[in-house]
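Hello,

Here is the structure I promised to pass on. Please open it first, then read my notes below.

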Amino acid sequence: MRYRKKPVEVEAWLIGSEEKMPGWLLDAMSSRIAMERVDGSGWLIKTLEGDHFGNVGDYIIRGVKGELYPCKPDIFEETYLPVDDSLGEEGGATSVELLPCPFCGGEAVPPNDRDHHVSCSKCYARGSNWAEYDSAVAAWNARAERTCEWREDVDGGLYCYDTECGREYRWSALPLLNYCPGCGAKVVR
């Protein structure tokens, strides 16, 4: 089975760079989670998997749960893109281009400050909620067209359908919905 990495933001510092050392790394030094080698050739980092060394030219990454780990520069550059902090953390702007709806080609409505999901202005397909703006946009852009089926629910006369995202929705207004509200899969009648 193949997997795709979820779009997340991490913080990183290049070992040996002239860039100011971030506060999270200074905190890790004071708690002895990260220690610079005496000869200046790299760092010892206490990771969740044990002690690891990062050499000059490697990155020290602070993960989504605050964990630290070293990363070789070639892997780092293949895995991460810089985030433009000048756009503002929740400022309604993104460094990721927002693509049209994968189902109807309609214009995508970007996330707002309250609801971090993308939706389509034409067919009302909607992506999942995300904690960050860029993550919502990246998830929307990665979606591929897929379909799910619906059936009539005999209990209570409501309609329901099972989606490819594994969720089941019960809606009295199902005949009006063309797309799964959870993952955006097109509903086949």
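Strands β5 (59–62) and β6 (68–71) pair in the antiparallel sense, over four bridges. Strands here are DSSP runs of E with at least two residues, while helices are runs of H or I with at least four, and both are numbered from the N terminus. Two strands pair if DSSP finds at least two bridges between them. Across this pairing, R62 stands opposite L68 in β6. Five residues sit between the two strands of the hairpin.

Before going on, a word on the model. It is predicted, so local features need pLDDT of at least 70 and side-chain atom pairs count only at pLDDT 80 or more, while totals for chains, interfaces and linings use all residues. Residues are numbered from 1 along each chain as its sequence is written, and side-chain values use heavy atoms, leaving out hydrogens and water.

**Salt bridges**

How many salt bridges does a search of the whole structure find? The search finds two. A salt bridge is a side-chain nitrogen of Lys or Arg within 4 Å of a carboxyl oxygen of Asp or Glu.

One of them joins R62 and E11, whose closest N and O atoms are 2.9 Å apart. R62 lies in strand β5 and E11 in strand β1 (residues 11–14), so the pair ties together parts that are 51 residues apart in sequence. R62 is partly exposed, with a relative accessible area of 30%. E11 is partly exposed too, at 39%. The cut-offs are simple: buried is under 20% relative accessible area, exposed is over 50%, and partly exposed is in between (1.4 Å probe, protein chains only).

K72 and D58 also form a salt bridge, with the closest N and O atoms 3.0 Å apart. K72 lies in the loop between β6 and α2 (73–79), and D58 in the loop between β4 and β5, so this pair links parts that are 14 residues apart in sequence. Is D58 buried or exposed? D58 is buried, at 4%. K72 is partly exposed, at 41%. The two side chains also count as a polar contact, at 3.0 Å. A polar contact is a pair of N or O atoms within 3.5 Å; within protein, one must be able to donate a hydrogen and the other to accept it, and residues adjacent in sequence count only if both atoms are side-chain atoms.

D58 touches W13, L14, I15, C71, K72 and P73, leaving out residues up to four places away in sequence. Contact means heavy atoms within 4.5 Å.

**N55**

Look next at N55, in strand β4 (residues 50–55). N55 is partly exposed, at 30%. With residues up to four places away in sequence left out, its contacts include I15, S41 and K72. The side chains of N55 and R37 make a polar contact of 3.2 Å. N55 and G42 are 13 residues apart along the chain, yet their C-alpha atoms are separated by 4.1 Å.

**Cysteines**

How many disulfides does the structure hold? It holds zero. The cut-off is a pair of cysteine sulfur atoms within 2.5 Å. C71 is buried at 11% relative accessibility, and C120 is buried at 2%.

Best wishes
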